[in-house]
Amino acid sequence: MDFTDIDFDQLFGSGGDTNPIMMLIWIIPIFIFVLYGQRIQLAVTSGEIKKGIKKLEDYKTKSRTELINYIKKNMNPTEDPTKKIDRFLDYFTIMPVDMDPNGIVGKVRHIVRAREDYTREHVKSISPQTSELELTKIQTLLEIATTLQMIHKVINHMFLTAKKQNNYPLILPLQMILPFILEEAEAMHKAIPAFKMGQPIGDGIGPMVVGKMMLESKKESVAFQTILGETQYDQRKLLLLKAEGPGSTVGRPGDAMDVILSKNKPDIIIMVDAALKMEGEDSATIAQGFGAAIGGIGTERFQIEDIATKNNIPIFAIVIKQSVKEAITLMTKDIADKADDVRSQISEMIHDNTKPGQTVLLIGVGNTMGIPQ
C-alpha cells in the first residue's frame, strides 16, 4: 500500500483552512480519555454492577423474610425467632489449615458435620415439638438464606473496595463473574417455594429412581438419614441406598457404605445422580461413565472412593444432565420422565457387568425432598 498519496493534513483536519473548533472537538476528548479514561470506565461499569448488587440484596432480604415467616407459621414458636435467625445467618465456617494436607478430608468432614448438628439442634430449640420433616426443610431454607447473605456481603465488599480505590482493574474480575453469581443466586431464590411446599427438585432424580425400586423391599436405617433396601433382580442381590425421604436431606452415603461393607461386599457399585449440563447440551439427557457421581464439598466422594479402592470394587455412574436452576428448583416434567429410562439403563449395566449370584450396590445420590421410598 502506498502511503505517500495520503493527505494527512486533510485526514486530521490540520490544513491551512481547518476550523480551530473542529480541532478542539478532536483533541479534547482524547485528552479527557487519556487523563480520566479509567474513571469513566469505572463509572460505566459501576452502574451495571450496582444493578446486580441490588438484585442480590433483594434475594437476601426476601429469603430471610420468607424463612422467618415460615418458621412462625409452621413451628409456632413461643417467642419471636427473628433475633435467633439473624444470629444463624451470620454464622461462618473456618476451614482447617491445609498446609499439611494429610488428614484434611477428615477435618473438613468433622467441621461441616459439627455445624450441621449444631444448626439442627438450635433450630429445633425454637420449637421442640417440630417434626423431623419440618426441621430438614427449615434447615435447608436456612442454608439458602445464609448463602445468599454471604454472596451479597462478598460481592458488595469487592465492589466498594474497588470504588474506594478508584481502581478499574480491580473491578474487572467482579464484572466478569457477576453474571454467573447472579444466575446461581436467582436459582437459589427460586428454590425456596419448592422446599417450603416439600416438592421434589431436579437434584432428586437419583433418589427418585432408587426410591421407586425400594417401594416393595424391606428397608432399614444404616446411617444418619440414610436408608438401605434389599431386593433380588435376575438372580443378583440388589442393595438399594438413598437418603431418607421425604425430608430435605442428602443423607450420609459414605458412612452407609462402611456399614454395608462390614456385612456384604458388593461386586460393583452403581451411582445415579444429577449432573450440571454444559452450554449447548439438552436438559434431561442421560450419560454413563465411571467413578463416584456425587457432588458437595468432596468428603462423601472421598470416603466412597476410598472404600471402593481398598476393596477393589468398580464404580459405575449414570447422570441426568440439567442446569443449575433446574437442579435446585421444582423438578421439571422432562427430568421426571427420564426415571424409567434411567432404570432400564441400570438393568443393562447390571447385566453387562455382573453374573448371577453377585451383589450390586445401587446408590441414588441427591436431595430426597418430597421423595419417599
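Which residue in the turn of the β2 and β3 hairpin has a positive phi? The residue is Asp234, with a phi of about 50°. Two residues lie between β2 and β3 in this hairpin.

This is a predicted model. The mean pLDDT of the chain is 90. Of its residues, 95% reach 70 or more. Confidence is highest in strand β7 (residues 359-364), at a mean of 97. Confidence is lowest in helix α1 (residues 8-11), at a mean of 54.

**Strands and hairpins**

Strand β1 (residues 218-223) runs antiparallel to strand β2 (residues 226-233). Five bridges join them. Lys219 has Gly229 in β2 as its bridge partner. The hairpin of β1 and β2 has two residues between the strands, and Gln225 there has a positive phi near 55°.

Strand β2 also pairs with strand β3 (residues 236-243). These two run antiparallel as well, joined by eight bridges. Here Glu230 stands opposite Leu239 in β3.

**Backbone exceptions**

Most residues other than glycine have a negative phi, and most peptide bonds are trans.

| Residue | Phi | Loop | Relative accessibility |
|---|---|---|---|
| Asp234 | about 50° | between β2 and β3 | 38% |
| Ala284 | about 70° | between β4 (268-276) and β5 (286-290) | 2% |

Is Ala284 buried or exposed? Ala284 counts as buried because its relative accessibility is 2%, and buried means under 20%. Asp234, at 38%, counts as partly exposed.

A cis peptide bond joins Gly245 and Pro246, with omega about 5°. Pro246 is in the loop between β3 and α8 (253-261).

**Helix α5**

Helix α5 covers residues 132-165, which is 34 residues. How far apart are its end C-alpha atoms? They are 49 Å apart. At 1.5 Å a residue, the helix should span 50 Å, so the two values agree. Asn166 follows α5 and has a positive phi, near 50°.

**The second largest pocket**

The second largest pocket holds about 200 Å³ of space. Its lining includes Phe180, Glu183, Glu184 and Leu276. Lys277, Met278, Glu279, Ser323 and Val324 also line this pocket. Which helix gives the most to the lining? Helix α6 (residues 168-197) does, with three residues. By class, the lining has four nonpolar, one polar and four charged residues.

How values were computed. Residues numbered from 1 in each chain as written. Predicted model: local features only at pLDDT ≥ 70, side-chain atom pairs only at ≥ 80, totals over all residues. Heavy atoms only, no water. Helix = DSSP H or I, 4+ residues; strand = E, 2+ residues; numbered from the N terminus. Expected span 1.5 Å × (residues − 1). Pairing = 2+ DSSP bridges. 1 Å grid on protein atoms, 1.4 Å probe; cavity = no way out; pocket = protein on both sides within 12 Å on 5 of 7 lines; lining within 4 Å. Points joined across faces, edges and corners; volume = space filled by probe spheres on them. Nonpolar A, V, L, I, M, F, W, Y, C, P; charged D, E, K, R; others polar. pLDDT = per-residue confidence, 0-100. Buried < 20%, exposed > 50% of the residue type's maximum accessible area, 1.4 Å probe, protein only.
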